[in-house]
Every structure is written in C-alpha cells, then in structure tokens.
Amino acid sequence: MNPLYQSTRIGRHTLRNRLVMAPMTRSRADDATGVPSPLAEQYYAQRARAGLIVTEGTFPSPMGKGYVRTPGIHSAAQIEAWKRITAAVHAKGGLIFLQLMHTGRISHPSLLPDHATPVAPSAIAAQGKVFTATGPQDFVVPRALETEEIPGIVEEYRLATRHALEAGFDGVELHAASGYLPEQFLSSGTNQRTDRYGGSLANRARFVLEVLSAMAEEAGSDRVGIKIAPEMGFNSVSDAAPQETYQYLVQRIGELKLAYLYVAKTNSPFDYRALLRPLFNGPLLHGGGLDKDSAQTLVAEGSADAAVFGSLYLANPDLPQRFLKDAPLNTPDRDTFYSAGPLGYIDYPALESAQ
Ligand SMILES: Cc1cc2nc3c(=O)[nH]c(=O)nc-3n(C[C@H](O)[C@H](O)[C@H](O)COP(=O)(O)O)c2cc1C
C-alpha cells in the first residue's frame with residue numbers, strides 16, 4: 001500500500017493519511033475585526049480529506065498582527081467564526097490545528113492598535129517592505145520588549161490556545177519560523193538582549209520553550225505542534241550558528257512530548273531534517289517543494305511521518321484523491337494567493353467537477 005495513505009498517530013489524534021495541508025495565509029479575513037471570512041468554511045471543508053489541516057497564521061493578540069486581512073483568535077466574534085470553520089471540517093471527518101503566529105517586528109503601526117510600534121526582542125528593524133493597506137512601506141524600528149512584559153506575551157499564547165480549543169480546533173501549532181516573534185528571540189541577529197531572554201543559547205530559546213509550555217498546559221502537549229524552518233532567511237532573520245541553535249532547541253522540545261515537530265525545508269543546502277530527526281523522539285512533519293513522488297519516498301524511507309504541502313494543496317482541494325489516481329494537478333495562481341474574495345480561494349475545481 002502507498003505509505004502516504006497509511007494512517008499515523010500525531011499526539012492524541014490518528015491521521016487518516018500522511019498528507020498535511022501547510023499553514024497558509026490567504027488574507028480573506030475582515031481587516032477591521034480579524035474575523036475569518038465566511039468563505040473560509042468552504043475553503044477548509046473542501047480540503048478536509050487531508051490527514052491534517054494547519055490553518056493560516058492567526059494572531060494570538062492584536063499586537064501579533066503583521067499582515068492585512070489576517071485573522072485573530074482573541075475576540076468572541078473571531079472564536080464564533082472559527083467554530084463554524086472547525087465544524088465544517090469535522091463534518092467531513094477532517095482534523096484541523098490552528099497556527100498561532102505573532103509577527104513581532106514584521107508588522108507596521110498601521111496594522112496595530114492605536115498605531116502602536118511593533119514589538120520585538122531588540123530594537124532592530126527588518127530589511128525590506130511590509131504590505132499595508134496603502135501599499136508597501138519600510139519596516140519600522142521595533143520597540144524592544146521589557147523583561148517584565150514577556151510573561152504577558154506568553155500568557156497571550158496561553159489564552160489563544162484556550163480560545164482555539166473553545167472554537168473546536170483539534171490542536172494548535174506554534175509558528176516559530178519565517179522570522180516572526182519566536183524566531184526573533186531564538187536568533188542571534190535579532191536578539192541582542194542581555195536579560196534572561198538573550199545572550200546564551202538557553203536564554204534565546206527560553207521564549208519559545210515558555211510559549212510551548214503554556215500552550216501545552218492548556219491543550220495537553222499531545223495537541224501542540226511547532227513549525228521551524230532553519231536558515232530560511234525570510235524577513236531578514238539570521239543566526240550566527242543555526243545548526244547549534246536548532247539542535248539545542250529540538251533537544252529541549254523533546255522533553256515536552258509534543259504532538260509533532262514540523263521542519264520546513266528552506267533554501268539552505270544543509271539538511272536540517274536529517275540533523276534534527278534523531279534528536280526528536282516523536283512524529284516529524286516535513287515539507288517544502290514536495291511532489292507526490294518525493295513525498296512518497298520521504299515517508300517510505302521513514303525520513304518523516306507525514307508530508308506537508310503548501311501551494312499544491314491551495315490549488316488542489318482534493319490533493320489526496322488526485323495523487324491516488326495520478327490525476328493532473330491544478331496550477332497555483334500566485335496572483336490570488338493574498339487577494340480578497342472567492343477568486344483563487346474556493347473556486348479551484350475538484351477532480352469530479354473538472355471531468
Ligand atoms: C500563500 C502562502 C501563504 C503562506 N502562509 C504561511 C503561514 O501563514 N504560516 C506558515 O507557517 N507558512 C506559510 N506559508 C509557507 C507554507 O506553509 C509552506 O511552508 C511553503 O508553501 C512551502 O511548501 P510548498 O512548496 O509545498 O508550497 C505560506 C505559503 C504560501 C504559498
């Protein structure tokens with residue numbers, strides 16, 4: 001039997017296949033309220049045949065927002081909207097985790113309450129542009145968090161986890177990649193603190209570990225996953241010794257007995273999946289540039305327990321069935337990745353309707 005269609009355990013849950021839908025920001029939420037679009041019910045339900053869906057990055061608190069029309073999980077209206085989404089996925093027998101994403105310095109005052117300055121471990125601006133309602137703008141110099149403020153941010157993740165469970169999610173994933181707040185703490189290029197959250201490797205990893213512990217206290221560690229993407233370089237994050245950093249982090253994460261570790265492939269020539277796999281005694285998810293054959297090899301060899309698909313899942317709501325039948329795939333349309341409305345969101349045809 002094709003290994004991609006064998007069930008597997010991820011923490012508390014049994015996945016019916018090894019095909020995971022990657023977390024993907026789609027920018028269809030209401031910008032003023034952070035309430036997910038009603039279209040999201042259909043979008044996620046169409047993709048419910050995945051072994052597991054991980055949602056688009058969702059801000060745990062208003063200060064965690066970094067992109068226009070992204071959703072949150074801090075208000076009652078947001079929780080109600082997510083309830084309808086998880087119900088739609090569960091009605092089709094699917095499993096869905098919420099990705100918690102606090103972007104830290106990768107934000108802009110125009111996206112934040114009272115035009116606040118984005119927060120970060122240190123007052124170092126990211127290079128590049130942020131996409132705001134009025135077009136691309138330079139990143140601002142973020143405000144370095146006071147030591148006493150950090151437990152409050154950890155609490156925001158805890159509360160967000162509680163809200164996610166209330167909304168019916170099967171678990172939560174910490175977004176610790178792509179140069180957002182957790183990775184800003186972890187990486188020496190963005191963290192120049194001299195308190196207990198900076199300097200040594202143990203100190204730089206402290207924020208991520210505290211957040212994971214808080215999430216696990218709420219949900220149970222068997223409903224908490226983490227995404228990392230070492231050396232992705234995205235959002236101008238850099239680390240002086242990334243192999244050491246991630247080895248240390250993954251060893252420490254191992255103590256938490258999480259549902260899974262998701263190592264996303266980056267452009268780095270170094271094989272982090274191979275480095276980290278033996279250090280983590282639990283389910284490993286891997287993705288980035290996979291196709292059917294490479295995913296099959298990955299799982300058959302035991303290099304990962306499940307294969308994560310981003311853009312191909314976005315464009316093929318019935319990806320598992322298409323792979324099974326060796327059917328042709330729809331091509332992802334980049335122009336509608338982050339556009340508003342139904343186009344390129346809920347109108348990718350399934351196989352039956354295409355034939
Ligand atoms: C439109 C789009 C939005 C994305 N948004 C997120 C996100 O919110 N959180 C995240 O962790 N990764 C995000 N990613 C990265 C994907 O999760 C995945 O790692 C990446 O697409 C590589 O996999 P692929 O080659 O199968 O597309 C996004 C990718 C795409 C294409």
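Residues are numbered from 1 along each chain as its sequence is written, and side-chain values use heavy atoms, without hydrogens or water. In this predicted model, local features need pLDDT of at least 70, side-chain atom pairs count only at pLDDT 80 or more, and totals for chains, interfaces and linings use all residues.

Visitor: How many helices and strands are in the protein chain?
Guide: Helices (H or I, at least four residues) and strands (E, at least two) are DSSP runs, numbered from the N terminus. The protein chain has 14 strands and eleven helices.

Visitor: Why is the protein chain called as compact as a globular protein of that length?
Guide: The globule rule is 2.2 Å times the number of residues to the power 0.38, and the radius of gyration is taken over C-alpha atoms. For 355 residues the rule gives 20 Å, and the chain is close to that, so it is as compact as a globular protein of that length, with a radius of gyration of 19 Å.

Visitor: What share of the residues in the protein chain is buried?
Guide: Buried means under 20% relative accessible area, exposed over 50%, and partly exposed in between (1.4 Å probe, protein chains only). Of the 355 residues, the buried share is 58%.

Visitor: Which residues come nearest to the ligand?
Guide: A residue is near a molecule or strand if one of its heavy atoms lies within 4 Å of it. There are 17 residues around the ligand. Those that come nearest are Pro23, Thr25, Gln99, Gly289 and Gly310.

Visitor: How much of the ligand's accessible area does the protein cover?
Guide: A polar contact is a pair of N or O atoms within 3.5 Å; within protein, one must be able to donate a hydrogen and the other to accept it, and residues adjacent in sequence count only if both atoms are side-chain atoms. An oxygen atom of the ligand is 2.6 Å from a side-chain N or O atom of threonine 25; for histidine 175 the distance is 3.0 Å, and for lysine 227 it is 3.0 Å. On its own the ligand has 610 Å² of accessible area, and the protein covers 81%. Areas come from the Shrake-Rupley method with a 1.4 Å probe; for residues, only the protein chains shown count as cover.

Visitor: Which residues does tyrosine 338 contact, leaving aside its neighbours within four places in sequence?
Guide: Tyrosine 338 is in the loop between H10 and H11. Its C-alpha is 9.7 Å from that of threonine 70, although the two are 268 residues apart in sequence. Contact means heavy atoms within 4.5 Å. By that test, tyrosine 338 meets Thr25, Arg26, Ser27, Arg28 and Arg69.

Visitor: What does the side chain of serine 37 reach?
Guide: Serine 37 sits in the loop between strand S3 (19-21) and helix H1 (39-46). Its relative accessible area is 10%, so serine 37 is buried. It touches Arg28 and Ala29, not counting residues up to four places away in sequence. At 2.9 Å, its side chain reaches the backbone nitrogen of leucine 39.

Visitor: How far does helix H6 reach from its first C-alpha to its last?
Guide: The expected span of a helix is 1.5 Å times one less than its number of residues. H6 (residues 242-254) has 13 residues, with 18 Å expected, and it reaches 18 Å.

Visitor: What do the buried residues of H6 pack against?
Guide: These buried residues include Tyr246, Leu249, Val250 and Ile253. An α-helix has 3.6 residues a turn, so residues three or four places apart point the same way. The buried residues of H6 pack against H4, H5, S11, S12 and H7.

Visitor: Is lysine 257 buried or exposed?
Guide: Lysine 257 lies in the loop between H6 and S12. It has a positive phi of about 55° although it is not a glycine. Its relative accessible area is 57%, so lysine 257 is exposed.

Visitor: Is glycine 179 buried or exposed?
Guide: Glycine 179 lies in the loop between S10 and H4. Leaving aside neighbours within four places in sequence, its contacts are Ile106, Gln184, Phe234, Asn235 and Val237. At 0% relative accessibility, glycine 179 counts as buried.
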